[in-house]
Amino acid sequence: MELLVDIALLSMLVATAVSLILVRGLVASIMLTSIYGLLSASFFVTMDAVDVAFTEAAVGAGVSPLLLLMTVALVGRVEQQPRKRHIAFPLLLVTVTGVLLIVGTLDMPPFGSADAPALQHVAPRYLQQSGEEIGIPNVVTSVLASYRAYDTLGEVLVIFTAGIAVILVLMLPGRRGSVPDDAGRQRPRNVVVNVVSKILIPFMLLFALYVQFHGEYGPGGGFQAGVIFASGIILYGLLYGLPSVCRVIPPPVVEALAALGVLLYALTGVLALLDGRPFLDYSVLATDPVTAQYLGITAIELGVGVTVASVIITIFYAFAAHLSEAQR
Amino acid sequence: MDIASYFNYWIVIVLMMLGFYIVIARGNLVKKLIGLNIFQTSVFILYISAGKVSDGAAPILTEGVSVYSNPLPHVLILTAIVVGIATTAVGLALVARIHEAYGTVEESQILEQDNAC
Amino acid sequence: MLTLTVVVILAVMLAGLARAFFARNVYDRVLAANLFGTKTVLLIAAISYLFGSPDFLDIAVVYALINYISVIGVLRVTEMRVIAQQEDKG
Amino acid sequence: MVLHWLSEACLLAGSFLLLTGALGFLRFPDIYARIHACGVTETLATSLILVALLLKSEAALPQVKLLFILLFLMFSGPTASHALAKAAWQGGVRPRATRDAGERPASPAGR
């Protein structure tokens with residue numbers, strides 16, 4: 001049964017990708033991208049990668065199509081027909097590369113085998129020791145926020161930098177720090193949707209907090225919670241207009257929060273340095289090592305969550321401000 | 001040789017090549033980014049497939065379970081997905097600016113305008 | 001019976017995919033994506049019982065939330081002027 | 001035992017409804033009929049399948065989560081269908097019946 005679901009989902013993924021090639025027009029492509037995200041996340045569930053599925057569900061099916069659509073709203077949805085002579089060479093290149101890679105896979109260990117090299121070195125140690133050393137059931141969170149916290153700091157910094165880059169690229173003259181004041185111009189277009197969403201958005205934000213603080217025990221953590229929280233805010237922004245959402249969370253506050261999240265993460269590491277221990281060594285936080293780990297992981301995940309949520313909200317603000325400027 | 005034992009990897013390669021094809025054969029910059037997304041997801045699928053153990057459980061420690069899937073690829077991919085959307089956003093922002101500067105997002109027209117200068 | 005349900009859900013997803021591909025306007029595609037989303041929620045909930053791992057239910061919750069956000073968001077962005085101008089009517 | 005058979009029955013009914021919905025979705029002539037097919041069957045089928053799973057589970061936490069999903073879908077499903085139909089109408093798509101007759105009805109009130 002597991003195999004059947006696996007094969008069915010993967011075949012549908014390929015079918016979606018093929019239709020993405022065949023389909024003309026960008027909005028159609030984006031709807032297919034959204035389906036693609038849903039499918040790949042279901043696939044991750046069948047592969048036991050619950051945390052990954054969580055993230056892909058929120059990103060691949062939610063935020064990513066929305067950002068793509070906003071870009072298409074800016075640049076237009078028409079896609080030009082590629083010229084005939086431009087097809088032959090890419091096709092040849094892709095086929096040759098694909099065949100070579102498929103020949104390469106034959107040397108890979110069979111799918112699912114327990115003695116594959118990828119499962120040999122650190123993975124068994126994480127699985128056997130993390131229960132005692134870290135004291136939380138979700139091994140993914142242990143690895144993410146404790147064993148490999150330094151890597152994760154790098155990832156968070158990349159996300160932070162990407163947020164800054166989007167602000168720099170899309171910066172509008174005179175936008176900095178000023179909230180657009182055309183409130184009231186936007187009348188509610190669809191009362192039913194607005195009322196129902198008003199009921200549902202608090203639950204989304206609450207669920208994001210649950211994901212944030214339950215990440216040690218079940219699937220979840222800062223990355224997922226950040227994306228879900230941001231999605232809730234984005235929904236509010238889409239329904240009630242940029243001015244309203246800017247009154248709820250002003251852009252300067254979001255930008256400051258993005259930096260604060262990274263700062264919280266890094267300072268947790270610096271605390272250990274001050275005590276003469278290695279960077280991000282949590283044992284400085286409490287005398288009992290397991291409690292210290294727990295405190296450290298909570299602090300770090302909070303930093304991650306705040307940064308991810310703020311960066312995605314910032315990106316949304318940048319695109320939405322650009323869009324309303326273009327519509328004027 | 002069991003087909004099921006390599007099926008996932010083959011699908012990964014097919015997806016990767018489909019994404020690659022979109023990136024090199026299509027002129028529209030937004031479509032190129034969509035192709036890049038497919039390529040990216042295929043890499044995710046490769047990592048997650050490599051971490052799967054037959055009959056393994058999700059790597060959340062529970063009583064009475066001894067075989068878990070490898071948590072390390074999960075950690076790598078989980079962060080990569082969020083980094084991926086952040087970098088895609090930078091790409092999309094650049095596309096929006098290119099549209100402002102050139103009035104088009106078709107690669108051939110942009111090159112024409114560049115050559116005309 | 002649960003197996004049957006999972007197979008049915010997969011078949012319905014396939015139908016949604018076909019519709020999304022052959023659709024003639026954007027609303028058909030949004031409808032297909034919406035159908036796909038709710039079917040994914042069901043699929044994951046059913047799989048979590050089939051494979052006996054209730055942790056998966058969290059993901060089904062996220063799907064339910066995100067699916068709503070994406071449908072409403074997509075419709076909202078589609079309404080915006082720049083896209084609406086080039087709408088293919090019909 | 002009763003619960004078991006009840007849940008099996010719910011699953012069967014839900015699967016059947018899903019199939020009918022998909023059939024309508026594939027075969028119906030225009031977007032509004034398709035929204036109708038999906039929207040109506042979807043809410044009931046989803047509820048039936050989730051209730052079946054609810055009956056199957058013993059622990060409290062999965063039950064609460066299932067209830068949450070159920071409640072959420074009850075709200076979001078019809079709202080999404082409504083928003084979709086309204087957006088399609090405002091986007092200029094007309095039902096096939098009126099389109100064939102060549103008449104264009106006035107915009108709905110409250111627009």
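Colleague: What does chain D average for pLDDT?

Modeller: This is a predicted model, and chain D averages a pLDDT of 82. In that chain, 86% of the residues score at least 70.

Colleague: And where in chain D is confidence lowest, and where highest?

Modeller: The lowest is helix H4 (residues 96-101) of chain D, with a mean of 60. The highest is H1(D), at 89.

Colleague: Over which residues of chain D does pLDDT stay under 50?

Modeller: That is residues 105-111 of chain D. The model has two contacts beyond four places in sequence for that stretch. Where pLDDT is low, the predicted coordinates should not be read in detail.

Colleague: Let's move to the interfaces. Between which chains are the most contacts?

Modeller: Chains A and B, among the five pairs of chains that touch. There, 71 residues of chain B are in contact with 83 residues of chain A.

Colleague: Which elements of chain B give two or more residues to the side that touches chain A?

Modeller: Helix H1 (4-25), helix H2 (29-51) and helix H3 (71-102) of chain B. H3(B) gives the most, with 23 residues. By class, the side of chain B that touches chain A has 47 nonpolar, 18 polar and six charged residues.

Colleague: How far apart are the closest C-alpha atoms of chain B and chain D?

Modeller: They lie 15 Å apart, and no contact joins chain B and chain D.

Colleague: How many residues do chains C and D put into their contact?

Modeller: Chain C puts in 39 residues and chain D 38 residues. On the chain C side, helix H1 (2-22), helix H2 (26-50) and helix H3 (57-79) each supply at least two residues. That side of chain C divides into 27 nonpolar, six polar and six charged residues.

Colleague: At what angle do H1(C) and H1(D) pack?

Modeller: The angle is about 15°, and their axes are 10 Å apart. H1(C) and H1(D) are therefore roughly parallel to each other, with H1(C) passing H1(D) in a left-handed crossing.

Colleague: Which residues in H1(C) and H1(D) meet?

Modeller: From H1(C), they include Leu4(C), Val8(C), Val12(C) and Arg19(C). From H1(D), they include Leu11(D), Gly14(D), Leu18(D) and Phe25(D). By class, this helix contact has 12 nonpolar, three polar and one charged residues.

Colleague: Switching to chain A: how do the axes of H7(A) and H12(A) cross?

Modeller: Helix H7 (residues 149-170) and helix H12 (residues 289-327) of chain A cross at roughly 15°, and their axes come within 9 Å. H7(A) and H12(A) are therefore roughly parallel to each other. H7(A) passes H12(A) in a left-handed crossing.

Colleague: Which residues make that contact between H7(A) and H12(A)?

Modeller: Among them are Val156(A), Phe160(A) and Gly163(A) of H7(A), and Val304(A), Val311(A) and Phe319(A) of H12(A). The residues of the contact of H7(A) with H12(A) divide into 15 nonpolar, five polar and no charged.

Technical notes. Residues numbered from 1 in each chain as written. Chains lettered and ligands numbered in written order. Predicted model: local features only at pLDDT ≥ 70, side-chain atom pairs only at ≥ 80, totals over all residues. Contact = placed C-beta atoms within 7 Å. Helix = DSSP H or I, 4+ residues; strand = E, 2+ residues; numbered from the N terminus. Nonpolar A, V, L, I, M, F, W, Y, C, P; charged D, E, K, R; others polar. Axes fitted to C-alpha atoms, helices over the stretch in contact; angles between N-to-C directions. Parallel < 35°, antiparallel > 145°, perpendicular 65-115°, else oblique. Left-handed = near helix turned anticlockwise from the far one by under 90°. pLDDT = per-residue confidence, 0-100.
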